[in-house]
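Subject: The structure, and what turned up in it

Hi there,

Here is the structure I promised to pass on. Have a look at it first, and then read on for my notes.

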Amino acid sequence: MTLLDIKNLNLSMRSFEGETQILHGIDLKVERGEIWGMVGETGSGKSLTGLSVSRLIPPATGRYLAGSIHFEGRDLLATDEKAMRSLRGRKIGMIFQDPTTNLNPVFTIGTQLVDVALHAGHADPSILGLSGNPSGRERKKAARRVAIEMLDKVGIPNPAARIDDYPHQFSGGMRQRVLIAMAMIGKPDLLIADEPTTALDVSVQAQILKLIHDLVAERNIGVLMITHNLGVVAQICSHVAVMYRGRILERGPVHEVLKRPAHAYTQALLNAIPTVHTKRGELRGIGDIMQEGGR
Ligand SMILES: Nc1ncnc2c1ncn2[C@@H]1O[C@H](COP(=O)(O)OP(=O)(O)OP(=O)(O)O)[C@@H](O)[C@H]1O
Ligand SMILES: [Mg+2]
């Protein structure tokens, strides 16, 4: 069964100025073991697509005009909020862009991770390595153990001691690793990562990408990785979907799309990547390139 199947998704958003259609007929299938990169310029609808899958767009602001989102055969747009809450974290993991807004500064890293592990373990005790009907104390102990294991897995040195630190005691790269640990602790089948490495320097970015890549190889999960960076896509994605103004212009295996871009827009995205040969003052935006291309 297809892990994630988005069909003809049409979304409109309401604001002071009225209602505007943002997503126009998005079709996308993500299978296990695939890492889909979703690229496109700012405002093209990448985040709103990711948020739709996690059902995090409040009904007061967003309205689905048509289409469906199926996760393992289950119709997400018809799933109520209570059921969604148990899917989030446990079946669908999410990482958002800015680690400073995602971690609560007043609680230790451990408290926040243990919370997520307990929540996931409540529905499925095997996540905590427990069976039967464990007591509250057993659960808490197991959740802390699982949290330490997960911190170790994402490469936090000395996790048994660092787990009691507060977020400000971690570097930006470490905080981003904590967010990945948090997203992975419930053993989700689908990971949605919205610009997970944008705030990080290049070497940390490479480590985080490798980490996501390894988790996919190890657990055979599917990933929807939202980014505006084609370099990131070329590094770890198996597939790519190119968005432009709320539509998917083209999609397919990364090597095909990047090698033979069918659309002028994708070509323009590729041309906008600076290389070591780009001279000072030569950096060009998509707009310039599209104009030159005569579209
Ligand atoms: N809450 C909202 N209410 C109304 N319009 C919104 C809302 N959130 C986003 N939009 C509009 O929807 C469009 C798509 O936004 P989205 O956040 O999905 O873009 P994006 O591709 O993720 O861009 P970026 O690369 O900057 O993150 C934008 O034109 C934006 O102005
Ligand atoms: Mg976005």
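To begin with the helices: α4 passes α7 in a right-handed crossing. Please keep in mind throughout that this is a predicted model. On the α4 side, the contact is made by Ile 109, Gln 112, Leu 113 and Val 116, and α7 brings Val 178, Ala 181 and Met 182 to it. By class, the residues of this contact are six nonpolar and one polar, with no charged one. If you want to find the two helices on screen, α4 covers residues 109–123 and α7 covers residues 172–184. Their axes are 9 Å apart and meet at an angle of about 20°, which makes α4 roughly parallel to α7.

α7 also packs against α8 (residues 202–219), here at an angle of about 15° and with the axes 10 Å apart. α7 and α8 are therefore roughly parallel to each other, and their crossing is right-handed. From α7, the residues Gly 173, Gln 176, Arg 177, Ile 180 and Met 184 meet Val 204, Ile 208, Leu 211 and Leu 215 of α8. This contact divides into six nonpolar, two polar and one charged residues.

Now for the sheets. One is an open sheet of six strands with mixed pairing, in the order β6-β7-β8-β3-β9-β10. The edges are β6 (92–95) and β10 (247–253); each has a single partner strand, so one side of each has no neighbour in the sheet. On average, neighbouring strands of this sheet are turned by 15° against each other, if direction is ignored. β9 (residues 239–244) runs antiparallel to β10, and six bridges join the two. One pair to look for is Tyr 244 with its bridge partner in β10, Arg 247.

α11 (residues 264–271) lies across β3, β9 and β10, and runs at about 105° to β9.

There is also an open sheet of four strands, ordered β2-β1-β4-β5 and paired antiparallel. Here β2 (18–30) and β5 (74–75) stand at the edges; each has a single partner strand, so one side of each is left without a neighbour in the sheet. β1 (residues 4–15) is joined to β2 by nine bridges, and the two run antiparallel. A hairpin of two residues links β1 to β2. Across this pair, Asp 5 stands opposite Lys 29 in β2, and Ile 6 stands opposite Leu 28 in β2.

Finally, the ligand. Which residues are closest to ligand 1? They are Met 13, Thr 42, Lys 46, Ser 47 and Leu 48, out of 13 residues that surround ligand 1. The shell around ligand 1 consists of three nonpolar, nine polar and one charged residues. β1 and α1 (46–53) each supply at least two residues of this shell, and α1 gives the most, with three.

Happy browsing, and do write back with any questions.

Best wishes

Note on methods
Residues numbered from 1 in each chain as written. Chains lettered and ligands numbered in written order. Predicted model: local features only at pLDDT ≥ 70, side-chain atom pairs only at ≥ 80, totals over all residues. Axes fitted to C-alpha atoms, helices over the stretch in contact; angles between N-to-C directions. Parallel < 35°, antiparallel > 145°, perpendicular 65-115°, else oblique. Left-handed = near helix turned anticlockwise from the far one by under 90°. Contact = placed C-beta atoms within 7 Å. Nonpolar A, V, L, I, M, F, W, Y, C, P; charged D, E, K, R; others polar. Pairing = 2+ DSSP bridges. Near = placed C-beta within 6 Å.
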